[in-house]
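Here is a report on one protein chain. Keep the sequence and the 3D view open as you read.

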Amino acid sequence: MNKNLYITITSCLLFVLVLSSILSCKKAFDIEPEDALEASQTYRNVYDADAAVLGIYGKFVKLADKYMLLNELRGDLLDVTSNANNYLKQLGTQTVAADNSYADPKPFYEVIINCNDALKNFNIMREKKLLDNMQYYQRYTDILFLRSWLYLQLGIHYGSVPYVTDALTTIADLQDESKFPKLSFEDLLSRLIAETEATPREYLNQNTSAASPTLILPMDVYIVKDGVFKFFIQRRSFLGDLNLWKGNYLKAAGYYKDVMETGTNSSTGSDQQIDLYDTYRVGDDNSQDHSLKTTAVLNPWTKIFSAPLADRIANWERMWTLPFSSNFSPGNPLFTLFSKSGDYLVKPSALSISNWNNQTRLDGSLTDRRGLDMSYRLVNGIEPEVLKYSQNYSLSTPFDKTGVWVIYRAAILHLRYAEAANRLDRKVLAGALINSGIKTAFGTKALYNGVPDTYPFDFNGDGGTIRGNWYRNSGIRGRAVNQDYPITIANTIVEVEDRIMQEEALETAYEGYRWQDLLRIALRRQATDPNYLANKIAAKFEAAGDGASASLVRSRLANKENWYLPFKLK
């Protein structure tokens, strides 16, 4: 490749990597066709294809604050501050009006239309042999999965939505149901699973850049070990999520297990062995240098949200991470949303704080180490502030608001695997992963009805001369150094599921998982516990002493139709 062209391209891609939209793909959502560049001018070679991929991610990252608000403020762990406008208050109280700007699905469709455009042109490039099969599948698969992720979010929040794969669609087309009728959430899930699982198996095992050297930029801060570039969606874990939503628990567990054992048997050096046993396994080698365990002098658990992108320890946990920079649009919207030095529109709910305060540590003392001064802090001793997105901020450098958006990480992978395993009656295994780990629960190999279990429930925690892949697994509560939940075969599946959701609140509060996880449980239990979601959200207001809002929310969410936002494109 021409050296000057290489420098020009990588310089432009840097802008995208810091989340500007300079290299968004050729067609903006509302640009008329005659104003757009022809595909022949923008999809000429693999570097143009890369620019399209990274440009789409540049648009995608602008959804970060909307994603957080829809998935956290609608849940039970986040509340509004006195700075919040009426539209934010509507999200919190489940009273969203059709004109609510936060409920507008258009920003999701803007990215989807760009995905459709890129997918269409990748097909053309393959036909013209401008991309070979590997180049094509790596890029096509990544954008297909990103589009599917966006559609999953639309289904979660709106229920029935138009499903469009046409590259030429405009807003007006989407509003015409005769052209694009809405799919129910169940039908949408089936479509997404069919399309993503049609991907050749070899392209599910790696991120885009692993086999695409033109997408690996010469900037160490974005490179993670083994050539994997975590800027891109993690494919197998997403397939696990789709199948978990659909109730395909065995298939979901299989996808999750494959990701949980990333790198198995591939390393020989001592440092590489640490990576082997700790990557995506919520592992611990009992030293401050190689641990995210909360007992270190400087609590290393916060590295997940504050460490540089190339931090080795943090990347045992991180699976899909995008950077924010104060120098480029959209800046750091999560800092603006959560920080007292920003707009401070939302804050930790009283319920989320009490969740941590009511935990018991191994030494018998109270409060969870993941709570105060880790996930949140009290400004001036009284005002709660989400801390996960502002830990690196300093008043001495007020304009430096860099940060990261950790979209997916190992703890949520383990929690969702546990959810699937529990539904298949592996209650003790689910308990091991959310408590103190495989070795603590089983000694060596995971058992089912007294015998070693089979894939995808076969976990080897042997710590002998030939060590099992899970001998260092400390479990989620074990990493937090909390006392275990008592989970045995005598517990019911619903009891264990409630424990999993409780641990999810403690481990991943304010990260964008809460509403979707509560909704999934509510859909699963609607025949046996139709008020599950209503009671969960009402509890947030009861903990804050707001009985009127609690009654309103409980009444609203007693009707399943109110679980979803009004779908109106603005």
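## Aromatic pairs

This is a predicted model. In it, the count of aromatic pairs comes to 28. Take Y136 and Y137 as an example. Their ring centres are 5.1 Å apart, and their planes meet at 70°. An angle over 60° counts as edge-to-face, so that is the label for Y136 and Y137. Both residues of this pair, Y136 and Y137, are buried.

Now look at Y277 and Y471. Here the ring centres lie 4.9 Å apart and the planes stand at 85°, so this pair is edge-to-face too. The pair Y277 and Y471 links distant parts of the chain, with 194 residues from one to the other. Y277 belongs to helix α12 (residues 270-278). Y471 belongs to the loop between β10 (451-452) and α19 (476-479). Y277 is buried, and Y471 is buried as well.

Some rings join up into a group. Which residues make a cluster through ring pairs? They are Y57, F60, Y67, W149, F231, F232, W320 and W405.

Charged side chains meet rings as well. R426 lies over the face of Y448, 3.9 Å from the ring centre. R520 has its charged end over the ring of W245, at 5.1 Å from the centre.

## The whole chain

The protein chain has 23 helices and ten strands. It has 570 residues, and 58% of them count as buried. Take the contacts between residues at least 6 apart in sequence: 73% of these join residues at least 24 apart.

## Helix α10 and its partners

Find helix α10 (residues 235-246) and helix α9 (residues 185-197). They pack at an angle of about 150°, and their axes are 10 Å apart. The crossing of α9 and α10 is left-handed. From α9, the contact uses F185, E186, L189, S190, L192, I193, T196 and E197. From α10, it uses F238, L239, L242, N243, W245 and K246. W245 also has the charged end of R520 over its ring.

Helix α10 packs with helix α16 (residues 410-423) too. This time the angle is about 40°, with the axes 11 Å apart. The crossing of α10 and α16 is again left-handed. S237, D241 and L244 of α10 make the contact with L413, R416, E419 and A420 of α16.

Next come two strands. Strand β6 (residues 376-379) and strand β7 (residues 383-386) pair in the antiparallel sense, over four bridges.

Helix α15 (residues 350-357) has L351, S352, I353 and W356 buried. What do the buried residues of α15 pack against? They pack against β5 (346-348), β6, β7, α20 (493-508) and α22 (532-543).

## Backbone details in the loops

The loop between β10 and α19 holds P456. A cis peptide bond joins Y455 to P456, with omega about 5°.

D373 is in the loop between α15 and β6. Its phi is near 65°, a positive value in a residue other than glycine. Is D373 buried or partly exposed? Its relative accessibility is 46%, so D373 counts as partly exposed.

D425 lies in the loop between α16 and α17 (427-434). Phi of D425 is also positive, near 70°. With a relative accessible area of 32%, D425 is partly exposed.

## An exposed alanine

End with A548, in helix α23 (residues 547-557). Exposed means over 50% relative accessible area. A548 has 62%, so A548 is exposed. A538 sits ten residues from A548 along the chain, and their C-alpha atoms are separated by 9.8 Å.

Technical notes:
Residues numbered from 1 in each chain as written. Predicted model: local features only at pLDDT ≥ 70, side-chain atom pairs only at ≥ 80, totals over all residues. Heavy atoms only, no water. Pairing = 2+ DSSP bridges. Phe/Tyr/Trp six-rings, centres within 6.5 Å; stacked < 30°, edge-to-face > 60°. Buried < 20%, exposed > 50% of the residue type's maximum accessible area, 1.4 Å probe, protein only. Lys NZ or Arg CZ within 6 Å of the ring centre and 35° of its normal. Axes fitted to C-alpha atoms, helices over the stretch in contact; angles between N-to-C directions. Left-handed = near helix turned anticlockwise from the far one by under 90°. Contact = heavy atoms within 4.5 Å.
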